[in-house]
Amino acid sequence: MSWIDIGAIDLVPLCGARLLKTRAGCVAVFRTSTNEVFATANSCPHKGGPLVEGIVHGQKVTCPLHNWVFDLNTGLAQGADEGRIATFPVRVEAGRILIDGAALGQRSAA
Amino acid sequence: MAQKLVVIGAGMASGRMLEHLTETAPDAFDVTLFNAEPRGCYNRIMLSPVLAGEKSYADIVTHDEAWYAGHGIACRFGEKVTAIDRAARVVTGENGPVTYDKLVLATGSNPVMLPLPGADLEGVIAYRDLEDTERMARMGPGSHVVVIGGGLLGLEAAAGMAARGADVTVIHIMGHLMERQLDPAAAYLLQKSLEAKGITVRLEAKSQAILGKDGHVRALQLAGGEELPCDLLVMAVGIRPSTALAAEARLAVGKGVHVDDQMLTSDANVLAIGECVEHRGAVFGLVAPLYDQAKVAAAQLLGEEAGFVQKSLSTKLKVTGCDLFSAGDFAEGEGREDIVFRDPAMGVYKRLVVEDNRLIGAVMYGDTADGSWFYGLIRDGSEIGAMRDTLIFGPAFQGGGSADPLSAVAALPPEAEICGCNGVSKGQIVTAIEDGACDLAAVRSCTKASASCGSCSGLVEQLLQVTLGDAFAAPAAQPVCGCTSLTHEDVRRLIKSQELKSQPAVWQALGWTTPNGCHVCRPAINFYLLADWPGEYRDDPQSRFVNERKHANIQKDGRFSVVPRMWGGITTPDELRAIADAADKYRVPTVKVTGGQRIDLLGVRSEDLPAIWADLGRAGLVSGHAYAKGLRTVKTCVGTDHCRFGTQDSTGLGIALEKRLWGSWTPHKVKLAVSGCPRNCAEATCKDVGIVCVESGYQVGVAGAAGMDVKETERLGDVATEAEAIELTVAFVQLYRENAKYLDRPYKWVAKVGMDWVRARVVDDLEERARLVAAFDLSQSIYQTDPWAEHAAKKARDFAPLADLTLEAAE
């Protein structure tokens with residue numbers, strides 16, 4: 001693993017998300033109400049909606065275009081919808097968010 | 001030729017009689033209907049659920065204007081009858097006389113007002129009509145109410161106000177509550193559960209005087225001198241037939257207007273029905289006999305044979321969580337025996353009174369499912385000898401049936417009465433279901449079962465289930481979302497009554513099943529909180545849909561559209577130049593004129609939004625809120641400025657309205673228009689608020705629609721000045737903000753609460769109108785700021801990526 005510092009956790013709003021541009025495509029970085037951080041592919045497998053603009057609730061995000069809901073742990077679509085978004089290892093150290101560069105390199109986030 | 005029929009009073013008995021008449025012989029009579037209340041027939045029994053906020057006025061209207069109009073009934077509502085001349089057969093109203101061949105008195109009853117000193121003070125009311133209900137509904141947290149009378153009506157009033165958060169004390173002169181319907185043991189259980197709702201009950205308490213200050217009630221003084229402070233005093237001590245008109249017309253009158261079995265008074269051309277009559281020494285307050293009388297009167301008018309017979313009655317209390325039932329006679333007496341069942345842990349009490357091997361009375365508390373079965377045994381005088389040992393366990397235990405909850409209703413004989421109000425039997429309901437009525441609403445419309453007080457709705461649903469089997473799915477009230485079982489209406493009411501002022505407080509107090517809601521409930525709760533507590537709660541962007549968080553409309557490719565505000569649709573060359581420059585600079589692919597007379601720049605990238613806003617802002621352009629559940633646009637025509645037909649300055653009014661209303665959050669988007677004359681070039685008659693200018697002033701219409709539904713506006717009021725037109729609009733928008741369900745456009749909301757309800761607050765009640773305007777202005781003092789300027793200046797960073805690893809990789 002090669003951890004890359006992508007910014008301070010305070011730059012991501014509670015129950016919100018920010019965008020991370022990578023060579024493999026855009027990644028959404030989420031922060032839940034309890035300060036957990038997740039990173040997933042930004043694009044919804046349904047119609048390509050930007051998940052970074054979705055409403056974050058619990059450990060889930062709702063796509064802003066057609067309300068598909070994804071579990072941020074597994075990337076799996078919830079309920080009747082079928083689909084999965086890529087997830088990437090992230091951790092928080094001394095208030096900074098670190099993302100696994102190796103995983104980004106291996107997987108396409110698009 | 002049709003005979004002339006005049007009916008005085010548009011209550012429930014009169015409504016039912018007119019239904020029978022118009023169904024059986026629609027052309028037999030030319031009907032004129034007087035009503036002192038300024039409206040037609042509504043289901044008075046359901047005022048308690050309206051008070052408790054469980055139903056709206058619109059839900060309980062039984063005959064609306066269209067119904068009367070459709071049956072050719074001339075309505076003279078809000079007009080009192082001043083005299084009846086029986087010799088000349090003329091009824092005189094405030095607006096003139098009308099002759100009759102037949103006259104029906106349905107004048108109802110008046111509430112009994114105790115002749116206490118101070119009974120004429122402001123704030124001393126009865127519980128009788130919609131006005132009283134609305135008055136009580138205004139009692140929220142922090143207000144103190146005293147209810148005199150621990151009978152059916154008084155307790156429903158008390159429970160309704162307590163549910164709204166008021167501090168309520170019930171004063172009852174007798175030793176236990178509802179002494180005419182309950183025995184002391186059941187009354188005790190009832191009292192306990194009312195006290196658990198926060199209601200104080202004072203028994204054997206005698207009122208002595210009502211004390212006032214500046215003409216308004218201040219407190220109730222009890223015998224002995226104790227004072228109970230109150231802002232509102234409700235007298236619910238009984239009703240008295242309203243007989244003044246009949247007595248003046250020299251008809252025979254005792255306690256009520258005397259009628260025979262055919263509902264004829266002492267004048268063969270005059271009938272009387274409902275709560276105003278006295279039949280064989282009895283007067284009537286429950287709805288079932290009133291409906292029987294209505295049927296007999298209709299038959300009599302049509303020359304058919306019919307006679308009214310008094311029956312024994314059953315009672316249910318419409319207070320959520322207090323399940324009680326009583327029927328028949330349950331006083332103790334010689335030769336009478338009791339069968340009693342108690343389960344203190346479950347709060348269940350049942351008592352049956354048996355005489356001569358027949359059931360003559362039943363009182364139940366806590367579990368009333370078998371009520372109608374017992375009532376049937378009482379009414380029919382059935383012999384109970386064979387089942388006496390297990391009688392109290394109900395029909396399911398007769399003949400060793402299974403413990404299936406449906407078996408009780410399955411075991412009922414076809415003639416068992418299910419709906420006491422409308423006298424509908426199980427057999428009639430089952431026939432209707434077999435003929436195709438497959439849900440509660442369908443059964444209700446073809447049999448009238450559960451159409452009055454609604455307390456038998458559960459039984460009707462069980463019958464649907466028994467008859468249809470798995471084909472029937474019992475409907476539930478629609479909850480907000482999967483995080484809660486509460487409805488939007490419940491949540492709004494509880495936020496106000498429990499003073500919940502943050503989202504975590506709502507989740508905790510109302511038992512949300514998720515840690516912090518979901519994309520469905522969070523935006524709704526966020527809106528309710530900011531609308532109800534403008535001073536304490538602040539809008540939470542993370543609970544907003546992306547458009548309202550980013551102040552631009554997301555498009556299918558994830559880019560955004562930008563619509564600057566153009567007040568009233570008026571712009572300038574400088575503004576147009578700034579828009580053109582911005583479109584060039586940010587390579588906007590599409591520029592379009594919108595339906596609301598604005599210019600839309602479509603296809604702007606998220607990270608460019610703060611910069612394009614800053615550029616537009618330098619030319620004086622602000623957010624047009626084309627993305628918001630708030631004021632969108634005010635569309636105008638050119639009015640007197642240029643148009644040869646214009647009657648008023650419609651453009652100026654449009655601009656003034658837009659400047660007053662912009663920035664506020666509302667349950668759903670709000671679109672306005674102002675047309676300068678009735679040619680209506682601004683299409684004002686299909687807007688949420690649409691004003692049409694005329695020579696004499698302004699016609700303010702509301703609740704129009706031109707989206708999924710198309711609907712013409714309804715007239716809120718006509719006003720003479722621009723200032724009043726603005727005031728009505730502001731008050732209407734605030735009332736909508738305070739009461740509507742999130743994502744209900746105004747037309748949907750008005751359909752639920754009724755235009756009368758809205759008009760009463762926005763137009764008629766000047767104090768309430770002023771309060772609404774002040775509340776709106778308070779909210780505007782916080783939310784009327786340009787979000788574009790704010791975001792461009794302080795939050796531009798949030799629109800850019802957190803980091804860009806493509807650049808680092810390139811280095």
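User: Which strand of chain B do two bridges join to strand β2 (residues 16–22) of chain A?
Analyst: This is a predicted model, in which local features need pLDDT of at least 70 and side-chain atom pairs count only at pLDDT 80 or more, while totals for chains, interfaces and linings use all residues. Residues are numbered from 1 along each chain as its sequence is written, and chains are lettered from A and ligands numbered from 1 in the order in which they are written. Helices (H or I, at least four residues) and strands (E, at least two) are DSSP runs numbered from the N terminus, and two strands pair if DSSP finds at least two bridges between them. Leu20(A) stands opposite Ala803(B), and the strand that runs parallel to β2 of chain A, joined to it by two bridges, is β39(B).

User: Which element gives the most to the side of chain B that touches chain A?
Analyst: Counting two residues as in contact if their C-beta atoms, placed from the backbone, lie within 7 Å, 20 residues of chain B are in contact with 29 residues of chain A. On that side of chain B, β39 (803–804) and α27 (805–810) each supply at least two residues. The element that gives the most, with three residues, is α27(B).

User: How is the side of chain B that touches chain A divided by class?
Analyst: Ala, Val, Leu, Ile, Met, Phe, Trp, Tyr, Cys and Pro count as nonpolar, Asp, Glu, Lys and Arg as charged, and the others, Gly among them, as polar. On this basis, the touching side of chain B has 10 nonpolar, seven polar and three charged residues.

User: At roughly what angle do the axes of helix α19 (residues 573–585) and helix α20 (residues 609–618) of chain B cross?
Analyst: Axes are lines fitted to C-alpha atoms, for helices over the stretch in contact, and angles run from 0 to 180 degrees between N-to-C directions. Where Ala578(B), Ala582(B) and Lys585(B) of α19(B) meet Ile612(B), Asp615(B) and Leu616(B) of α20(B), the axes come within 9 Å and the crossing angle is roughly 160°.

User: Which residues of α21(B) meet α22(B)?
Analyst: The axes of helix α21 (residues 650–661) and helix α22 (residues 722–739) of chain B come within 11 Å and cross at roughly 35°. The residues of this contact divide into eight nonpolar, one polar and two charged. Those that α21(B) brings to it are Leu653(B), Ala656(B), Leu657(B), Arg660(B) and Leu661(B).
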